[in-house]
Every structure is written in structure tokens, then in C-alpha cells.
Amino acid sequence: MNCLVLVDIQNDFVPGGALAVPQGDRIVPIVNRLLPSFDLVVATQDWHPITHGSFAVNHSGHQPGDRIDLHGLPQILWPTHCVQGTPGAEFVPGLDPERCNQIFVKGMDPTVDSYSGFYDNGRRQATGLGDYLQGKGVTDVYVAGLATDYCVKFTVLDALQLGFNTYLIEDACRGVNLQAGDVTHAVQDMRAAGAQVITSEETLKHL
Ligand code: VGL
Ligand code: ZN
């Protein structure tokens, strides 16, 4: 059983959004081509309260990009993004949430960020994605979405740690690249942890 995990393909992460990932919109047609090949498709949705501790605006004297300690964890401060119930938090038009078997929201606890689709950054709480995949008998997890160097990376690393054969569909992802080379390093980290890095073309051939 295989599953495509779509990470945070939301309006705030594509050009025009609050935390725009360069070329983030380019993955939408690629993802749409992949969808029919999978047994299961799930999506994660960054879903923050306005009070979230990852927002620079909630820390006086700080700017987006600053690094702080947030309740004992290192935290990069972000522009306000993916606020629950706002248009920025919706899935991008063209990605039909009806085509997903299940949606997993994350990032609701204002005290901790949640990059991975499986757990918050402190691994205190699970989103339910791991239990869901195990319950469905999924063995092979394919990951696509935004952003390669944050939420995609940590979703891939947790999928590996949970024992799934894990594939990063590289051209179906885009990254923030806050610093030059971040995406390259993220892909190296995922590969080193055991992820198979493949293209959407290879995925379509091999499924
Ligand atoms: C993400 C930063 C903050 C992501 C989410 O989806 O990669 N990055 N929140
Ligand atoms: Zn976020």
C-alpha cells in the first residue's frame, strides 16, 4: 500500500502569500499528475492560531528570520502565516482537497512549532498521520509539497523513523532557501537518513 503525503500546499506558501516559497505554485500541476497513481492521498495543513509563538509579530523587538528560544526549542521567527480560517491557510486553488482521503492539521499549539506532518517539533503530540498510515497498512510513503527545507524535510525524516519506505519526489517540492544551499542540504540530510530521492517521472513509471 502506498500513500502520497502532500505537505502544506497552502496559499501563504506560494507567490503572493505571506511566507511565499519561490516557485511554490509550480508544483501544483506536477502533484495533480501524480494523484491518480496512489492508493491513498493525504494532505497536511499548517493551521496556526494568531497567537502562535513562531510569528515574529508576537515577540516585541524581533523580525522574521530572527532565531530565538521558544520554550526550550530553537525557533526561527516567521511572518504571520496560515492563520486558522484565513484565505492564506486554504489549500491552493487547483489542488482539490476532495481528492485527499484525509487532512491532518498541525501547528495549533501556540507554544511549539510543528514542521513535521507527524509530530510537533518537541515530539510532544502526534497529529494522527502515523497511526492513520499504519492503520491503512501503508508501507511506502511518497512526500511532495512545501517547503523542502522545513516541513517536507521533517515529514520525510519522521516517516523514515516510523519505518516507512520513504520517497522524496524532488521536483514536486520547493524550498524557502532562507540561506543559499538550504534546499541542497535538506535533500542531503533526507538522503543520508535513508530517503529515496526521485523525480515525478520516475514515480509515475515505478508505481
Ligand atoms: C513551514 C515555516 C513555517 C513549511 C511552515 O510548511 O515548510 N515553514 N511554517
Ligand atoms: Zn507555520
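## A pair of neighbouring strands

In strand β7, Arg 174 is the bridge partner of Leu 146. Six bridges join β6 to β7, and the two strands run parallel. Two strands are said to pair if DSSP finds at least two bridges between them. Helices (H or I, at least four residues) and strands (E, at least two) are DSSP runs, numbered from the N terminus.

Two helices meet the sheet here. Helix α1 (residues 27-34) packs on the sheet and touches β1, β6 and β7; its direction makes about 140° with that of β7. Helix α3 also packs on the sheet, touching β1, β6 and β7, and its direction makes about 170° with that of β6. For these angles, axes are lines fitted to C-alpha atoms, for helices over the stretch in contact, and angles run from 0 to 180 degrees between N-to-C directions. Two residues are in contact if their C-beta atoms, placed from the backbone, lie within 7 Å.

## What kind of model this is

This is a predicted model, in which local features need pLDDT of at least 70, side-chain atom pairs count only at pLDDT 80 or more, and totals for chains, interfaces and linings use all residues. Residues are numbered from 1 along each chain as its sequence is written, while chains are lettered from A and ligands numbered from 1 in the order in which they are written.

The predictor's confidence in each residue is called pLDDT and runs from 0 to 100. Its mean for the protein is 97, and 100% of the residues reach 70 or more. The model scores ipTM 0.98 and pTM 0.98.

## The whole protein

Five helices and eight strands make up the secondary structure. Along the sequence they follow the pattern β-α-β-β-β-β-α-β-α-β-α-β-α. A compact globule of 207 residues would have a radius of gyration near 17 Å, and the protein agrees with this because its value is 16 Å. That radius is taken over C-alpha atoms, and the globule rule is 2.2 Å times the number of residues to the power 0.38.

Of the contacts in the protein with a separation of 6 or more, 71% come from residues 24 or more positions apart. The UniProt record places the feature "domain: Isochorismatase-like" (unreviewed entry) at residues 3-202; UniProt positions are given in the numbering used here, feature names are shortened, and annotations may be inferred rather than shown by experiment.

## The sheet and a hairpin

Six strands form an open sheet in the order β5-β2-β1-β6-β7-β8, with parallel pairing. At its edges stand β5 (102-106) and β8 (196-198), each with a single partner strand, so one side of each has no neighbour in the sheet. On average, neighbouring strands are turned by 25° against each other, direction ignored.

Elsewhere, β3 (residues 67-70) and β4 (residues 73-76) run antiparallel and are joined by four bridges. They form a hairpin with two residues between them, and His 71 in the turn has a positive phi of about 50°. Leu 70 has Leu 73 in β4 as its bridge partner.

## A covered helix

Let us return to α3. Helix α3 (residues 148-161) is mostly covered, with 12 of its 14 residues buried. A residue is buried if 20 or more other C-beta atoms lie within 10 Å of its own, exposed if 12 or fewer, and partly exposed in between; C-beta atoms are placed from the backbone. Among the buried residues are Tyr 150, Phe 154 and Leu 157. The cover includes β1 (2-7), β6 (140-146), β7 (165-174) and α4 (182-192). Just after α3, Gly 163 takes a positive phi of about 95°.
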